[in-house]
Structures are given as C-alpha cells and as structure tokens.
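Today I'm looking up one residue and what sits around it.

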Amino acid sequence: MAGKTDENTDAAEKVIRIAGSITVDELAQALGLAVTTLIGELFKNGIVATINQRLDFETAEIMIQELGMTNVRLERKNTASKLTNETRRELSKDAVPRPPVVAVMGHVDHGKTTLLDNLLKKKTVEKEAGGITQHISAYQLEHEGRKITFLDTPGHEAFAAIRQHGAMLTDIVVIVVAADDGVKPQTIEAIKFAQGANAKIIVAINKIDREGADIERTKAGLAEHGLMPEEWGGDVMMIPISAKTGEGLEKLIESILLVADVEELKADVKIPAEGLVIESHMETGKGSVVNLLVTGGELKTGDFVAAGGAYGKIRTMVDFRGKPKGKALPSTPVTVTGFKELPDFGDKFLEYADEKSARKAALLNAQGAANEMASANVTSTDLLRMMNVADNAKVFNVIVKGDVLGSVTSVVDSLKLIDTGGAVTLNIVATGVGDVTENDVYMAVGDNTVIYGFNVNVPVNIAKQAARDGVEVRTFKVIYELLDDAKNSMEELLGDEVIEEKVGEMEVMGVFRVTKSELIAGGKMKSGKVVPKILARVMRKKEILGEAEVESVQKEKIETKELIEGEVGGLALKTEKKIGLEVGDRLEFFTREVRKKKLGA
C-alpha cells in the first residue's frame with residue numbers, strides 16, 4: 001500500500017507517509033473518509049477522479065488543506081535508494097571488474113564540455129548551439145590500460161530532466177565549478193542530483209588559469225552546500241584544473257580511478273545483456289539510431305533486444321568515435337541500429353533469445369505504460385492549474401519535434417514550467433522525434449497550433465504546405481530561445497490591460513459653465529495635483545457621473561502648469577457628453593495607460 005499512517009505519533013496528529021504518490025482510495029482510507037467524499041472534494045477543485053487515480057505528494061497535501069484537516073501531516077518516504085537500485089541488479093559471485101561510469105555536471109559555461117574535449121582530444125564545444133550541451137553524450141577514455149566512461153550532461157536549467165537521469169546512470173559525479181565564478185544554482189542542483197543517486201562526488205575546480213580565480217573561496221562555497229574538501233577534514237576530493245591548458249587533468253583521472261578502486265565496481269557478464277537508452281533519433285537510411293549504455297552482460301551485433309515498447313535486432317554497433325564494434329561489455333556506451341521503433345529516453349533494455357520473445361516483452365512494456373497513462377496520475381501542477389485557471393483562460397497549442405527523445409522531453413518539461421499565472425493554458429497537442437512532417441502540419445491546422453522544431457529541419461515542401469495552410473513552424477537550436485518565443489506567444493494571447501493611476505482630487509466649490517462639450521469649474525485641491533491633458537472623473541458621493549479631460553488650469557485667474565494639494569483654482573474640461581456638475585461634487589484626476597499583459601502578473 002502506498003500510504004501508511006503512523007499511529008504512534010501524538011494522538012492529536014496523524015502522520016501519513018507516502019512514497020511519491022498515493023491512490024484516491026488509499027488516501028481516503030488513511031484520512032478516515034468515505035472515498036466518495038474525497039472524490040467530491042477533488043471534483044470541486046476541477047478534477048474528475050476515479051478511485052484508483054494516483055495523486056502525487058503535493059496534490060495530496062493540497063487536498064488535506066482543502067478539507068481543513070489541520071491535524072494531519074504528510075511525510076515523504078525516502079525513495080532515493082530505490083531509484084538508484086532500479087538500474088542496478090544484485091551481483092553474482094562471478095561478477096568481474098568494470099570501468100567506472102562518470103557523469104560530468106555543473107553550471108552552464110563552467111567548462112564541462114571543454115574538459116571532455118581536452119581529455120578525449122575532441123573538438124565539440126564550438127559545435128554546440130549557444131555553447132551549451134544539448135544532449136547527454138557518452139564517451140570512453142583509456143588511461144594506462146584502464147577505461148573510464150564519461151557522460152557529458154547538459155548544463156542549462158531547461159535540461160534538468162536529462163541531467164537528473166545522467167546522475168542516476170553513474171557511479172561517480174565530477175562536478176565542474178569555475179574558480180572565477182564559484183557555486184551557482186546548477187552547481188547546487190548537480191550536488192543534489194549526485195547525492196540523490198548515491199554517487200561518489202569529485203569536484204574539478206576549473207579555470208584556475210583565469211584572472212580572479214580563487215580556489216579557497218570556491219572550496220568554502222562548496223562546503224556551505226555539504227561538500228567538505230579532504231584537506232579541510234572532509235571526504236570530497238577537489239582537484240584544481242584548467243580544462244583549457246590541461247593542468248591538473250592527470251590528477252583528476254587518477255582520482256577517478258582511485259575512487260573506482262575503493263568502490264570495487266563490478267558487473268555480471270554471463271547474463272543477458274542489459275542497460276539503458278541514453279538517446280534515440282531517426283536518421284535517413286539508417287532508421288532508428290539509439291545510444292545505449294551497457295550495464296550488464298555482453299551486447300553483440302545480431303542480439304534481439306527490447307526497450308520499453310520498442311524491440312529489434314542489433315544490426316550495427318559503433319563506439320562513440322563511430323568505429324564498428326562487434327560486442328560491448330558493461331559500462332560501455334554504443335550507438336546501435338535495428339530497433340523497429342524508437343525506444344524512449346531512459347528506457348531499460350534487455351536482451352532476449354529470439355525476436356518473438358523480444359516482441360512479446362515490448363508489447364507487455366507498452367501495455368504497462370498504457371495502463372499507467374490510463375490511471376491519469378494527478379500532479380500538484382495539474383490541480384493548481386485547474387483550481388486557478390479562469391473560465392476564459394486562453395489556450396496555447398503546440399506540437400514539439402526534436403532531434404532526440406531526450407530533447408523532446410526537456411523542451412516539453414520546460415514549457416510546462418513557464419509561469420502563466422493561470423491566464424494561459426499550455427496544450428501539448430503532440431510530440432515526436434525527427435523533422436517536421438506533413439502529418440504535423442495536418443494536426444496543427446485549424447486551432448492556431450504552433451509547431452516547435454528543436455534541432456530539426458523543415459523540408460521545403462512541408463514549409464510550403466505550412467505556409468499555405470496558415471500553420472506557424474518555428475525552429476530553434478538553443479532551448480532558451482525556444483522558451484522565450486513560447487513565453488512571448490502566450491503573452492500575445494493575453495491582449496492588453498488598462499492601467500489607471502489616481503494622481504489627485506478636487507472638491508468643486510463653483511460651477512461657471514456646463515455645455516455638451518465643456519465644463520468650467522473651480523475648487524480646492526484635496527490631494528495630489530492636477531495638470532493640463534490629464535483625465536478627470538466626475539464623482540457625486542460614490543456615483544460616477546462621467547469623464548472629462550483637463551484642457552487648462554488657472555490659479556488666481558492666471559493660467560498655470562499645475563495646482564497642488566491645498567491650492568484653490570479653476571479648470572476648463574472637455575467632455576463628450578453633457579455632465580450635470582454641481583457644487584459639492586468631486587473631480588478625481590487620473591492617468592490611463594494601455595499595456596501588454598505579462599505572464600504571471
């Protein structure tokens with residue numbers, strides 16, 4: 001059961017511990033409510049729920065608050081070890097040593113990809129759009145006869161989903177921190193991910209060759225977030241390096257291998273091959289191209305495999321440099337072809353004896369995924385959106401196409417994180433991997449759907465079709481530019497808002513002329529000021545009689561630029577209709593501005 005009450009706590013308080021999510025039925029039981037009561041409360045907040053629908057932790061917390069149960073407290077069960085162990089089996093006595101899998105993480109522009117370029121003698125950093133790593137890339141380095149597998153994970157905040165997955169795949173996390181910039185938000189995020197994955201941490205203090213580099217200050221910043229350097233009595237190795245010049249890289253590699261030795265990393269080889277999908281995409285002439293990380297067994301060309309709802313026979317296999325490989329042992333990254341469909345980013349793959357078995361496994365996996373989708377898990381984001389979105393909220397429809405599934409996942413997740421303040425609802429119509437197609441344009445016709453392409457092409461004939469059908473196709477190579485465009489588009493849907501600001505008030509003491517288009521009156525300023533061209537609202541107690549514009553201001557019968565609080569003077573006002581102004585009425589002076597609405601405002 002996902003929820004469990006703790007009866008040993010204070011009698012005045014009930015504690016419910018849940019691991020990630022809980023069904024409506026289980027929560028109702030834990031709260032001592034009839035399930036119909038909880039379903040009714042969900043319905044009031046815009047959620048049509050079933051008895052088996054799952055609610056995440058935050059949603060359950062919101063519902064308890066909505067029910068006014070102040071004596072009930074929710075606690076999270078610790079699931080970090082469970083998440084990590086999902087990809088790691090119990091080893092047999094026949095397990096053999098394997099290379100360490102090392103994720104390189106850190107804040108954007110702190111030098112992760114440059115570090116790998118120097119280690120591997122590659123040159124990729126200038127090829128990345130915007131200088132930001134856009135996907136997980138896997139490489140393998142050999143040092144004095146020993147191999148190390150590196151995962152280069154994206155640094156931009158929009159790629160949090162990919163980066164967290166990278167941490168879950170790894171034994172060691174090298175956190176790169178620039179000595180001239182120090183600890184940044186994504187540095188802290190990388191620390192949390194590494195700790196959550198129970199991975200060993202090594203810090204590479206980069207850019208020590210730069211002016212302003214301060215190694216000790218950087219160590220102090222890391223210590224504030226729980227990483228204590230060895231030389232300060234802690235257990236975290238911190239290696240000063242320059243990814244640009246190569247200084248310190250030898251020591252970094254030696255440190256990685258030292259940690260790997262202490263951890264005694266092993267894997268079983270005499271088992272069916274298994275591992276995880278790092279990336280997947282379609283290529284003309286090759287079909288599905290899938291990057292895998294082997295975690296156990298021995299993967300060979302000709303093997304039958306299933307990953308998620310996809311299966312196939314390994315037709316070709318190459319290493320990260322594109323060199324053909326006949327087999328891949330644990331901790332080895334490879335790129336394969338042969339899957340009949342694209343497996344999802346993060347799917348676990350397994351080897352099967354024949355095609356029939358692989359196909360059956362894929363079918364069962366697909367059915368399981370479909371059942372999970374059918375349960376329509378409710379998240380706190382969904383609930384809050386439904387509670388807060390106005391009936392007249394605008395809808396922004398998008399189709400997302402990306403070069404690999406990891407990119408699509410990150411784009412979609414990042415779009416969902418844009419704060420709309422409940423004024424615009426984001427509707428993901430469809431997603432897919434590969435270039436924009438005729439079918440994408442067909443789906444977008446008629447409901448103002450925008451097609452976003454990330455690192456993909458739009459064939460000339462498809463571009464013409466989209467133009468003919470009035471469908472907007474927008475392509476980007478840098479994710480934050482795509483997100484800025486989406487935010488601007490959603491703000492366009494909001495239209496304009498009228499901003500009024502009161503600047504003064506006058507009590508009318510004399511009325512000298514009232515016509516269809518003009519008022520001439522005098523009085524005393526009670527507050528603020530009045531100047532020519534400002535707007536005036538004619539008030540009788542709480543009733544608004546009409547509006548006018550101040551044409552001129554007089555003080556002691558001489559025209560002046562303004563009257564301020566406490567002064568007495570006269571006004572000439574222009575009106576569009578006759579207003580029956582009388583002594584004792586009030587004139588409220590104000591400005592009125594039309595502005596574009598902003599999201600979240």
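Contacts first: leaving out residues up to four places away in sequence, I find that Val174 touches Val102, Ala103, Val104, Met105, Ile202, Ala204, Leu252 and Ile256. Contact here means heavy atoms within 4.5 Å.

A note on the source: this is a predicted model, where local features need pLDDT of at least 70, side-chain atom pairs count only at pLDDT 80 or more, and totals for chains, interfaces and linings use all residues. Residues are numbered from 1 along each chain as its sequence is written, and side-chain values use heavy atoms, with hydrogens and water left out.

Is Val174 buried or exposed? I get 1% relative accessibility for Val174, so I log it as buried (under 20% relative accessible area; exposed is over 50%, partly exposed in between, with a 1.4 Å probe and protein chains only).

I also checked Ala194: it is 20 residues from Val174 in sequence, and their C-alpha atoms are 9.2 Å apart.

Where does Val174 lie? I place Val174 in strand E10 (strands are DSSP runs of E, at least two residues; helices are runs of H or I, at least four; both are numbered from the N terminus).

Next I traced the sheet: it is open, with six strands in the order E8-E9-E7-E10-E11-E12 and mixed pairing (two strands pair if DSSP finds at least two bridges between them). E8 (137-143) and E12 (237-240) are the edge strands, each pairing on one side only.

Then I looked at E8 and E9 (residues 146-152): they run antiparallel, joined by seven bridges. His143 has Arg146 in E9 as its bridge partner.
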